Amino acid sequence: MKQLLIIVLVFLSIRSVSLAQVNIDSLNGVWNDESQPDTTRFKAMKIISWDGYLFTNPDTAYTLLDELIELAKSKGNKKWEARALNIQGVSFIVRGNFSLALDHDLRSLKLYTEINFKEGMAHNYNDIGVIYKNLEQPPKALEYFTKALEIRFEIGANANIPSSYNNIGVIYSIQGKNQKALEFFKKAIDFAEQIEDKEEMINPLYNAADESYLMGDTVMALKFINRSFRICKDLNQAEGITSAFRFLGTLYFDQGKIPEAIDYANKSLKLAQEIGYIKGIMEAATLLKDIYKLQEKGLEALEMYELEIQMSDSIQSEEAKMGLIKMEVEHEFEKREILAEQAHQKEMYQKNQTRNYLAGGFIFALLLSGGILSRLHYVRKSKTIVEKEKDRANNLLLNILPADVAEELKINGKAEARDFDMASILFTDFKGFTAAAENLSAQDLVSEINTCFEAFDGIMGNYNIEKIKTIGDAYMAAGGLPVPNNDSVKNTVLAALEMQSFISSRKAQMDKENKPAFEMRVGIHTGPVVAGIVGIKKFQYDIWGDTVNTASRMESNGEVGKVNISQATYELLKNDSDFKFESRGKIEAKGKGEMEMYFVSLNQE
């Protein structure tokens, strides 16, 4: 997939800072202080709306920006009115409404045109091009990207020219004009090299490699991707290295060079996991899944498919979406900020040269306030790649760890293992899975397992049961942790019964279609466990103790379609009229000797 240097709307105003760096209350004070210079107040409200609300509560951000627009109108400042409209458009991007985003950008463009502020016009043209690209209107996107490029050449905005070339190349590629696309990717590369901006070379090099390969020129594709790889290494751009590894893996896979394909795909996956790059993990897992499916390695394909789904779910979460949107806009946005700051300094210098000496005291006050905001500007620019990757890692933690455990890990740098006096451990296992894996294609096997596990995940959520992990065809969960709950034993049994009900219905449906389906055993035991995080790099929340082993024995000594529980679990539920129990007597359990077991079901009376 071709890479726009800006995937979603890129913005005209100052780059954001984290809430940890900005005191919103203090900035509110600046905004409400009418004695402050207008520009100082404008910037304060911009930071409040962007950093305080835009990516968490876009409705509030939009309302605050209305206040900024009203003040800018009252002061006759069309430049800040246009800037605020542009950011309001971002609030619609966050909500996925490209049509309203386009409306605000066109209004912003109209104001910039009225005051002949060409830098702002170029930014708007570029943003509108991105919106039309997302609206799947390539001709309109090309029209606006071209206008942006023309103005950038006219005003000498060299830092943004490579991205304009790249974006035009992307549109030609979408239109199937491969040679034309490659031509513009090369122009982006050459111009970035001319202005000695290696970072601007990365995406067009990757795109040129992709386009060359589509055109059947493997030699040139390798040259472009290897050059991109070298630059990424020089700049310590881990995401780019991950993408290059994945590209090479895909290339070798398409050529039938499976060992090389697996090697590069695994390198991509490993690096993406180390830096917490969710999208990179998903794409590498997808590639490995496809390779293993071709080799008919069902279990390996299943493992990669589970990882692919896990990462996809993480990306789809609202918090992750906001984080991705915010990170995607920062690349070109940073370039704009530098140019805007340079233009501002030049403008201030020219004004100072023509002002009367008697106004010196007022000028000094303006420069002082501008200096304070300038320092904030450079603090914002100091946000490193490492910090960005940390944000991604935090999102990943919330996807693979219980929320309170993830929070403890983020705050303290570690999460202590905890003892739980009473947890109900649930194990499931599919009957004859190994035999089924031999008879089903890898694709069918992965699809069926995923259908079942997705249903199980939903059931766990309904009963507030913590999913621990899946191991092949086995599913493990626990009630009563990480937050103890008086209803956890009952809820765990209810969840198990619902799981069996799903599997029974699923089998009946598949039997009618003359398709193979799974049957399942489920076992539960209640007792003390220790729970905590396993590993240093690849965190996993896990549980230990004899209770876990006993629960596993309940499953292995159960029967298909039944929920088998231990004596301990039975004692806690035996007086609950919602259930009925069938004593199985003492049954020999491996490593445990004879144990009392019971089948449990819902009381229908």
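Strand β7 (residues 579–589) and strand β8 (residues 593–602) run antiparallel and pair over 9 bridges; strands count as paired if DSSP finds at least two bridges between them. The two form a hairpin with 3 residues between them, and G591 in the turn has a positive phi of about 75°. Helices (H or I, at least four residues) and strands (E, at least two) are DSSP runs, numbered from the N terminus.

## Basis of the model

Residues are numbered from 1 along each chain as its sequence is written, and side-chain values use heavy atoms, with hydrogens and water left out. Because the model is predicted, local features need pLDDT of at least 70 and side-chain atom pairs count only at pLDDT 80 or more, while totals for chains, interfaces and linings use all residues.

## S424 in strand β1

S424 is located in strand β1 (residues 418–430). S424 has a relative accessible area of 0% and is therefore buried (buried is under 20% relative accessible area, exposed over 50%, partly exposed in between, with a 1.4 Å probe and protein chains only).

The S424 side chain makes a polar contact of 2.8 Å with the side chain of T526. Such a contact is a pair of N or O atoms within 3.5 Å; within protein, one must be able to donate a hydrogen and the other to accept it, and residues adjacent in sequence count only if both atoms are side-chain atoms. Leaving aside residues up to four places away in sequence, S424 touches A477, A478, G479, V489, T492, I524, H525 and T526 (heavy atoms within 4.5 Å).

## Aromatic pairs around F453

Rings of Phe, Tyr and Trp (its six-membered ring) pair if their centres lie within 6.5 Å; planes under 30 degrees apart are stacked, over 60 edge-to-face, and the rest tilted. The count by this rule is 24 aromatic pairs. F453 and F456 make a tilted pair, 6.0 Å centre to centre with 40° between the planes. Both lie in helix α21 (residues 442–462), 3 residues apart, about one turn of the helix, and both are buried.

F453 also pairs with Y475: the centres are 5.5 Å apart and the planes at 55°, so this pair is tilted. Y475 is in strand β3 (residues 474–479) and F453 in helix α21, so the pair ties together parts 22 residues apart in sequence. F453 has 5% relative accessibility and counts as buried; Y475 is buried at 0%. Ring pairs link F430, F453, F456, Y475, F502 and F518 into a cluster.
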